Amino acid sequence: ANVPIMTGCNNFCAYCVVPYVREREISRPAEEIIQEVKNLIRNGYKEIWLLGQNVNSYYTLIRSNKGMVKINFPKLLKIINDIPGKFWMRFTSSHPKDFSDELINAMAECKKVTPYLNLPIQSGNNKILKAMNRRYNVADYKNKIKELRKKIPDICLSTDIIVGFPGETKKQFENTAQLFRDVKYDMAYINKYSPRTGTAAAKLKDNISTAEKKRREKILTEILKATALKKNKKIIGKETIVLIDSNKSDNWSGKNEHYKTVQIKSNKNLLGKFVKVKIIEALVWSLKGEIIYE
């Protein structure tokens, strides 16, 4: 189940139209979110996604016996984590500039928060990040990744990338390719830049050819494929929990706690179940396993 916790955005990234069409950030009341999640768990939902354009900046007040108490996103995670029931919790999306040590610690402490995170970098070059109005630099980002892996050693990471942002040189793009080699993502969502009417970037000359954007996309994809396959091969022989969500002729698939797709064969009805699986084969974008028990 998807549970929106806020709407709008205050960041005004140069390429993004969201602040103009959804306006400023508004956080939902914490009591409302908590009650919605409780109802979902009672009704059998096993995976809860907390959604917001920038969940990290969630902020509201909640009434307690000590008066009004501030609830930020890490505190909201802890409250939901304490709701009885067997379920997973995931969230998206996160802005690196607001990704705090408090949030990293909350992720590490909350057992129902799965060890997976999408943390968009968008570019591996500081000049392009500034032109995008992202308000962090590559060193800041890498430090957050380092801290995440220190506190949550088995965390799987994905990111979002834009190639061919106006003015991005081949050398600047190579900084992004090197970032991919350094961080070693499990997954990445790579997009070729295209202008959005009304945004700051739309006023810039879209001076990177379509062919060059495709070339850059291919380079990043090849780095990602090599990294993803190498990481997946390390999982062979290990056990993992999979939440089954689809089936085709006794070929079941679902996501494990690290948000990797796992395929298994069974003639039983496994839909919506947590299944313990041993990984027997690694592919680039998925894993194959056999059931240990359901």
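Hi everyone, let's start inside this predicted model: the buried residues of helix α4 pack against α3 (73–81), β7 (88–92), β8 (116–118) and α6 (138–151). Contact here means heavy atoms within 4.5 Å. Helices are DSSP runs of H or I with at least four residues, strands are E runs of at least two, and both are numbered from the N terminus.

Which residues of α4 are buried? In this helix, residues 101–109, they are Leu 103, Ile 104, Ala 106 and Met 107. Looking down the axis of α4, these buried residues fall within an arc of 160°, so they line one face of the helix. That arc is taken from the directions from the helix axis to the C-beta atoms. Buried means under 20% relative accessible area, exposed means over 50%, and partly exposed is in between, with a 1.4 Å probe and protein chains only.

A quick word on ground rules. Residues are numbered from 1 along each chain as its sequence is written, and side-chain values use heavy atoms, with hydrogens and water left out. As this is a predicted model, local features need pLDDT of at least 70 and side-chain atom pairs count only at pLDDT 80 or more, while totals for chains, interfaces and linings use all residues.

Now the whole chain. It has 8 helices and 15 strands. Its radius of gyration is 20 Å, close to the 19 Å that the globule rule gives for 294 residues, so the chain is as compact as a globular protein of that length. That radius is taken over C-alpha atoms, and the rule is 2.2 Å times the number of residues to the power 0.38. Of the 294 residues, 47% count as buried. Among contacts between residues at least 6 apart in sequence, 70% join residues at least 24 apart.

Leu 129 and Cys 13 are 116 residues apart in sequence, yet 9.5 Å apart in space, C-alpha to C-alpha. Leaving aside neighbours within four places in sequence, Leu 129 is in contact with Ile 121, Ser 123, Arg 134, Tyr 136, Asn 137 and Val 138.

On to charges. How many salt bridges are there? The count comes to 17, where a salt bridge is a side-chain nitrogen of Lys or Arg within 4 Å of a carboxyl oxygen of Asp or Glu. One of them joins Glu 147 and Lys 151, at 3.3 Å from N to O. These two are 4 residues apart in helix α6, so they are separated by about one helical turn. Glu 147 is partly exposed at 22%, and Lys 151 is partly exposed at 35%.

Another salt bridge pairs Glu 32 with Arg 28, with the closest N and O atoms 2.9 Å apart. Here Glu 32 is partly exposed at 41% relative accessibility, whereas Arg 28 counts as buried at 17%. There is also a network of salt bridges linking Glu 168, Glu 212, Arg 215 and Arg 216.

Last stop, the surface. Val 21, in helix α1 (residues 18–21), counts as exposed because its relative accessibility is 56%.
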